[in-house]
Amino acid sequence: MAILSIKVRLGDRDYSMKVDESEEETLRAAGRLLNEKIKKFKEDYHIEDKQDLLAMIAFDSMVEHMKKQNETENEHALFDAKLTYLNNLITKSLTDS
């Protein structure tokens, strides 16, 4: 993979970084998403201070991450329970034969 030098604009600042070519689009998309959130928080909450905006966005992102993590853990537990149930059915079917 090639290493690219890119600039990503976050808020009102450009940040230079060197990234793997395979990560470029993800990083640019993350930058766009962050800038959209900055705009939304600024409009919705009338926050002007950049540090406050970024702190609120970081907090919001962490809450979203934790919710998704909990959902994933619940899905895994449900999947494991279903697998155990099916395994027990198969075992019972084989031993009854």
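Is D96 buried or exposed? D96 counts as exposed, because its relative accessibility is 55%. The views below come from a predicted model.

View 1. An α-helix has 3.6 residues a turn, so residues three or four places apart point the same way. K92 reaches 51% relative accessibility, so K92 counts as exposed. D96, at 55%, also counts as exposed.

**View 2. Salt bridges with shared partners join K37, D60 and E64.** The three residues form one network. Across the whole structure, a search finds nine salt bridges. Side chains of opposite charge can pair when their charged atoms come close.

**View 3. Strands β1 and β2 pair in the antiparallel sense.** Strand β1 covers residues 3–10, and strand β2 covers residues 13–20. Eight bridges connect them. I3 has D20 of β2 as its bridge partner. Two residues lie between the strands of this hairpin. There, G11 takes a positive phi near 65°.

**View 4. R9 and D14 form a salt bridge.** Their closest N and O atoms are 2.9 Å apart. R9 has 43% relative accessibility and therefore counts as partly exposed. D14 has 47%, so D14 counts as partly exposed too.

**View 5. D12 forms a salt bridge with K50.** The closest N and O atoms of this pair are 3.1 Å apart. The pair links distant parts of the chain. D12 lies in the loop between β1 and β2, whereas K50 lies in helix α2. The two residues are 38 residues apart. D12 is exposed, because its relative accessible area is 53%. K50 is partly exposed, with a relative accessible area of 33%.

**View 6. H46 has a positive phi in the loop between α1 and α2.** Helix α1 spans residues 24–45. The phi of H46 is about 55°, although H46 is not a glycine. At 65% relative accessibility, this residue counts as exposed.

**View 7. D49 caps the N-terminal end of α2.** One side-chain oxygen of D49 lies 3.2 Å from the backbone nitrogen of Q51. Helix α2 itself runs over residues 50–96. How far apart are the end C-alpha atoms of α2? They are 68 Å apart. At 1.5 Å a residue, the 47 residues should span 69 Å, so the two values agree.

**View 8. Y85, L86 and L89 make a nonpolar surface patch.** The area of the patch is about 310 Å². L89 lies in helix α2. Its relative accessibility is 40%, so L89 counts as partly exposed. The cut-off for joining a patch is over 30% relative accessible area, and L89 stands at 40%.

Note on methods: Residues numbered from 1 in each chain as written. Predicted model: local features only at pLDDT ≥ 70, side-chain atom pairs only at ≥ 80, totals over all residues. Heavy atoms only, no water. Patch = residues over 30% accessible without salt bridge, like charges linked within 9 Å, V, L, I, M, F, W, Y side chains within 5 Å. Areas by Shrake-Rupley, 256 points an atom, 1.4 Å probe, with all protein chains shown as cover. Salt bridge = Lys/Arg side-chain N within 4 Å of Asp/Glu carboxyl O. Helix = DSSP H or I, 4+ residues; strand = E, 2+ residues; numbered from the N terminus. Buried < 20%, exposed > 50% of the residue type's maximum accessible area, 1.4 Å probe, protein only. Pairing = 2+ DSSP bridges. Expected span 1.5 Å × (residues − 1). Polar contact = N/O pair within 3.5 Å; in protein donor to acceptor, adjacent residues only side chain to side chain.
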